Amino acid sequence: AAAGPGQQVNPNDTVLKALDDIMWVQKLSDIADVDKVAYTSLPPTHIPNRTAPGAGNPVIIRAYTFIPKKMDRSKKQPLLVLAHQGLHGNVSSVELAHVIREIMEQGYAVIAPDYRGSTGYGQGFYNLVDYGGREVDDMLAGKAWMLEKYSFLDPNRVGAIGWSHGGLITLMQILAHPDAGYAVA
């Protein structure tokens, strides 16, 4: 659940996330083009003060993109959308680098969003969690961003993958938009 009264996000989370950004490049740049991108997703469903400045604005989502260096960009290629585990987790190189490496070796491009509620982006972003709601929209917006940005990605060969809370998000994506998917509890 979102941080309630008296619950605070660890102030070191943003520093740890910045270090993890570097670690992604260190761990995977030998086999993948690694980037961190930002795109917009739908506004929050629950806005405590609907008259506050910025209420109803789109939410900025940050995501990691991984494209295998060996990928033939002259042909249409598959894409996976990876939902990280943990309701208030994030796309962590400690937890996911080995998974992304395996996916790269199999020839998939990947986008791995830090959907709303993820740690590493401050208290406001943490509090936007919408358990199985707008997080799904954040993932779908990431898929759309990748397909728009990279013309060599095949919109007919897109899958979703995740486990634990990421499995929930994956299943919700599949129910709303029946792409291929794999969820692990």
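Colleague: Is Leu82 buried or exposed in this model?
Modeller: This is a predicted model, in which local features need pLDDT of at least 70, side-chain atom pairs count only at pLDDT 80 or more, and totals for chains, interfaces and linings use all residues. Residues are numbered from 1 along each chain as its sequence is written, and side-chain values use heavy atoms, with hydrogens and water left out. A residue is called buried under 20% relative accessible area, exposed over 50% and partly exposed in between, with a 1.4 Å probe and protein chains only. Leu82 has a relative accessibility of 1%, so Leu82 counts as buried.

Colleague: How many residues apart in sequence are Leu82 and Pro113?
Modeller: Leu82 is found in strand β3, where strands (E, at least two residues) and helices (H or I, at least four) are DSSP runs numbered from the N terminus. Leaving aside neighbours within four places in sequence, Leu82 is in contact (heavy atoms within 4.5 Å) with residues including Leu96, Ile111, Pro113 and Trp163. From C-alpha to C-alpha, Leu82 and Pro113 are 7.2 Å apart in space, while their separation in sequence is 31 residues.

Colleague: At what angle do the axes of helix α1 and helix α2 cross?
Modeller: Axes are lines fitted to C-alpha atoms, for helices over the stretch in contact, and angles run from 0 to 180 degrees between N-to-C directions. The axes of α1 (residues 13–28) and α2 (residues 93–105) come within 10 Å and cross at roughly 30°. Angles under 35 degrees count as roughly parallel, over 145 as roughly antiparallel, 65 to 115 as roughly perpendicular and the rest as oblique, so α1 is roughly parallel to α2, at roughly 30°.

Colleague: Which residues does Ser93 touch, not counting those up to four places away in sequence?
Modeller: Ser93 has its place in helix α2 and is buried, with a relative accessible area of 2%. Among the residues making the contact between the two helices are Ser93 of α2 and Trp24 of α1. With residues up to four places away in sequence left out, Ser93 touches Asp20, Met23, Trp24 and Lys27.
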